[in-house]
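Hello,

Here is the structure we talked about, with the sequence alongside. Have a look at it first, and then read on for what I found.

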Number of protein chains: 2
Amino acid sequence: MSEPSLDILGIGNAIVDVLARAEDGFLERENLAKGAMRLIGAEQADSLYAKMGPGVESSGGSAANTCAVAAALGARVGFLGKVADDALGQVFAHDIRAAGVHFPTAPLKAKGEGYAPTARCLILVTPDAQRTMNTYLGACVQFSAADVDPAEVARARVLYLEGYLFDPPAAQAAFYEAARIAHQAGRQVAISLSDAFCVERHRQAFLRFVREEADILFANQSELAALYETEDFAAAARLAAADVGLAALTRSEQGSIILAGEERHAVPAAPVKVVDTTGAGDAYAAGFLAALTRGLPLPECGRWGSVAAAEVISHFGARPQADLQALVAGKLPPGARPVADTLG
Amino acid sequence: MSEPSLDILGIGNAIVDVLARAEDGFLERENLAKGAMRLIGAEQADSLYAKMGPGVESSGGSAANTCAVAAALGARVGFLGKVADDALGQVFAHDIRAAGVHFPTAPLKAKGEGYAPTARCLILVTPDAQRTMNTYLGACVQFSAADVDPAEVARARVLYLEGYLFDPPAAQAAFYEAARIAHQAGRQVAISLSDAFCVERHRQAFLRFVREEADILFANQSELAALYETEDFAAAARLAAADVGLAALTRSEQGSIILAGEERHAVPAAPVKVVDTTGAGDAYAAGFLAALTRGLPLPECGRWGSVAAAEVISHFGARPQADLQALVAGKLPPGARPVADTLG
């Protein structure tokens, strides 16, 4: 086995976010459940977009956000995900590469069979600062095992998979293929459960993957409850610890619990004025894995996760704005932000 | 002459802004003059974009910003400008329509002769919050007299032209055609000088248009100095008053001077904590014209301009975030902003 030349290889949906303000009445008229993520088709996306207010576009995607944050923390990171060869696909590719992430996946070309435009998530921000997400998966549906480059997987210390990829059907096969390659190369496989509704949609598939393939599990309380069908957090955590070698379970302002064999660590959340919680879990996983692949002890992995999550929820947008390496080194006060702090 | 069914018809470059952070060293290495707007070609745009950090996209364009602000103030507004039939063109069209602006111009279709993608402005924001703009005109270059729908021009009380349109060659002919139709229908023609460098590039053409066609002139101090080749503001203002029936001249925090025949009005700027001055002039013109087309007296037109400009420079992005109609009615304190105030 050669020395890994990447710390983390993420696989996930490659999505551009479109943010627009909306009143509560708009959500009611459109029959949208506030705070939830739902999948929509192309026609629904066009119809909703036409009714939405003026928007702001920026790159998103759960695992892609994780990769961007981990790269900002100094990890060597790659990402696999499917965009189309269109303007939004160029935006996604530019942004993730500009964040320092290796992004080799070929875009969907031409308008042949199965062609779909780059995925977008229409995000409605209500006056209470909550986000309601409507995802059109577009080109992501075409991500398949053929997009899993064995060399990329084999050269990464940790393979990181986004639970949202259980939605596009071909991606589950890609997950198993990627996990097989990773394990064959002696690497670790991490999965994030992503979203409680997504877990409910694919519960058996999630359980099987967690038990058979995952070495590291990231989940928040509601995702864990959905997976193990219990609201008893301690009981669910014990089940997770039996299923995977390492579990990092987040509990919002109560911080996180790390379980590894018989080890247990409780890590506090970093203090922060919350502006927008989107991307908190993505950033936590990024901080955790950036520290883990650097060989730091588990409580320190949790602390890096807390610091990264705090930075990301202190402003709009799921990608970091402050100097994360300075933040984890304690060289910046918590909540430190650049002057031009509303860009992304 | 029939009663106008639009208050304002704007004509300008249809541009999507791409904002990214940059250090001063980046501007130096790329040989960019901080704070300026320069025109770049497709290859330069690709090359600069590849070097830029992660971006945030939102609709821009000077006259388009004016139209969006005027519509937010309750004016009936239309806009003519050229996008391509691509994803950024759809973003531009969506955003301006979502702002309540009638936007009938057909996008450039297919990849035939003269095809170019939707225009974009690559904006580098340095830590001092200054913006350095690099505009690739793309599809805007194809805007021509054929895009000037006589019925749209004839039904608008004021035709509003953006000086930046002196850059794409075919657009100057379109300006004269639009002005001819407007005057024939008994409407007024307004022009904004847009940018001192743009005025220097096309000084004779600007002077001729202002003298022969313009009824209303918008300019700031440096643009006025460039047009009349004098740093003496009072002298330049007198020249402007001789050339047009109505001139609204802005002087940043010193407010604006309105000249109409022998009339003179000095209007103070509205108090505001400045975050980003981009779009100040666009918003001033919007407020001024929204009040003027409603039949309000000139000092009130200036006040609406000041209030709209103050709102737009109190946050990132050149399009309004607060309830402008409440602001001009004095129903909101200056600087009032919605909770989710960083969307753009």
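Some housekeeping before the details. This is a predicted model, in which local features need pLDDT of at least 70, side-chain atom pairs count only at pLDDT 80 or more, and totals for chains, interfaces and linings use all residues. Residues are numbered from 1 along each chain as its sequence is written, while chains are lettered from A and ligands numbered from 1 in the order in which they are written.

**Where the chains meet**

31 residues of chain B are in contact with 31 residues of chain A (two residues are in contact if their C-beta atoms, placed from the backbone, lie within 7 Å). On the chain B side, two or more residues each come from strand 2 (15-21), strand 4 (56-59) and helix 4 (87-98); helix 4 of chain B gives the largest share, six residues. Helices (H or I, at least four residues) and strands (E, at least two) are DSSP runs, numbered from the N terminus. By class, this side of chain B has 18 nonpolar, seven polar and six charged residues. Here Ala, Val, Leu, Ile, Met, Phe, Trp, Tyr, Cys and Pro count as nonpolar, Asp, Glu, Lys and Arg as charged, and the others, Gly among them, as polar. The same surface serves both copies, with 100% of the contact residues of chain B recurring in chain A.

**A sheet that spans both chains**

Strand 4 (residues 56-59) of chain A and strand 4 of chain B run antiparallel and are joined by three bridges (strands pair if DSSP finds at least two bridges between them). One bridge puts A:Ser58 with B:Val56. The open sheet has 10 strands in the order 3(A)-7(A)-6(A)-2(A)-4(A)-4(B)-2(B)-6(B)-7(B)-3(B), with mixed pairing. Strand 3 (37-39) of chain A and strand 3 (37-39) of chain B stand at the edges, each with a single partner strand, so one side of each is left without a neighbour in the sheet.

Within chain A, four bridges join strand 2 (residues 15-21) to strand 4 in the antiparallel sense, and A:Leu19 stands opposite A:Val56. Helix 4 of chain B packs on the sheet, touching strand 4 of chain A as well as strand 2, strand 4 and strand 6 (119-125) of chain B.

**Elsewhere in chain B**

A second open sheet has eight strands in the order 5-1-8-9-10-11-12-13. Its edge strands are strand 5 (77-80) and strand 13 (263-267), each pairing on one side only.

Is helix 3 (residues 62-72) of chain B mostly covered or exposed? It is mostly covered: 11 of its 11 residues are buried, meaning 20 or more other C-beta atoms lie within 10 Å of a residue's own, with C-beta atoms placed from the backbone. Just after helix 3 of chain B, B:Gly74 takes a positive phi of about 95°.

Best wishes

Key
Buried ≥ 20, exposed ≤ 12 C-beta atoms within 10 Å, placed from the backbone. Axes fitted to C-alpha atoms, helices over the stretch in contact; angles between N-to-C directions.
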